Amino acid sequence: VRLVESGGGLVQTGGSHRLSCTASGSINHMGWYRQAPGKQREWVATMRYNGRTEYADSVKDRFSISRTYDRNTVYLQMISLKPEDTAVYYCFWDDPPSYWGQGTQVTVTS
């Protein structure tokens with residue numbers, strides 16, 4: 001399975017941004033982790049195979065995960081961004097993750 005991410009960039013505090021991840025191969029649970037400098041990778045959100053969504057407490061009510069009809073692409077819509085959201089965001093496939101995307105940098109400026 002190959003995961004291709006896009007959408008990273010620079011955004012101001014309080015702003016919005018969207019990441020996308022497209023998977024080759026079969027349909028599975030997909031979602032996002034992130035890793036800030038000097039910190040461990042942390043789970044952010046999951047889109048289950050059946051459409052159920054799950055979020056870390058730190059992003060609940062600010063981030064939203066969705067997917068395309070064919071279920072091969074997931075999006076992470078982020079609003080009310082904070083400097084502490086700055087991280088490399090990694091898309092994953094399967095739970096626990098079997099495959100990872102290459103990572104995309106999101107930097108939130110204060």
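In the predicted model, the largest nonpolar core comprises 25 residues, and those with the most contacts inside it are Met-30, Trp-32, Val-44, Phe-63, Leu-76, Met-78 and Tyr-89. At least two residues of this core are supplied by each of the strands β3 (17-23), β4 (30-35), β5 (42-47), β7 (63-67), β8 (73-78), β9 (87-93) and β11 (104-109). Of these contributions, the largest share, four residues, comes from β9.

Charged side chains were examined next. A search of the whole structure finds seven salt bridges. In one of them, Asp-85 pairs with Arg-34, with 2.9 Å between the closest N and O atoms; this pair links distant parts of the chain, as Asp-85 lies in the loop between β8 and β9 whereas Arg-34 belongs to strand β4, 51 residues apart. Asp-85 and Arg-34 are both buried. A salt bridge is also formed between Arg-48 and Glu-54, whose closest N and O atoms are 3.1 Å apart, and these two residues are likewise buried.

The side chains of Asp-57 and Lys-60 meet in a further salt bridge, at 3.2 Å from N to O. Asp-57 has a relative accessible area of 66% and is therefore classed as exposed, the cut-off being over 50%, while Lys-60, at 41% relative accessibility, counts as partly exposed. Elsewhere, salt bridges that share partners join Arg-34, Glu-42, Arg-62 and Asp-85 into one network.

The backbone was then considered. Most residues other than glycine have a negative phi, and most peptide bonds are trans. Against this background, the peptide bond from Asp-95 to Pro-96 is cis, with an omega near 0 degrees, and Pro-96 is located in the loop between β9 and β10 (99-100).

Positive phi values occur at two residues described here. Asp-61, although not a glycine, has a positive phi of about 75 degrees and is placed in the loop between β6 (53-55) and β7; with a relative accessibility of 74%, Asp-61 counts as exposed. Arg-71, also a residue other than glycine, has a positive phi near 65 degrees and is found in the loop between β7 and β8. The relative accessible area of Arg-71 is 25%, and Arg-71 is therefore partly exposed, since this class lies between the cut-offs of 20% and 50%.

Terms used:
Residues numbered from 1 in each chain as written. Predicted model: local features only at pLDDT ≥ 70, side-chain atom pairs only at ≥ 80, totals over all residues. Heavy atoms only, no water. Core = buried A, V, L, I, M, F, W, Y, C linked by side-chain atoms within 4.5 Å. Buried < 20%, exposed > 50% of the residue type's maximum accessible area, 1.4 Å probe, protein only. Salt bridge = Lys/Arg side-chain N within 4 Å of Asp/Glu carboxyl O.
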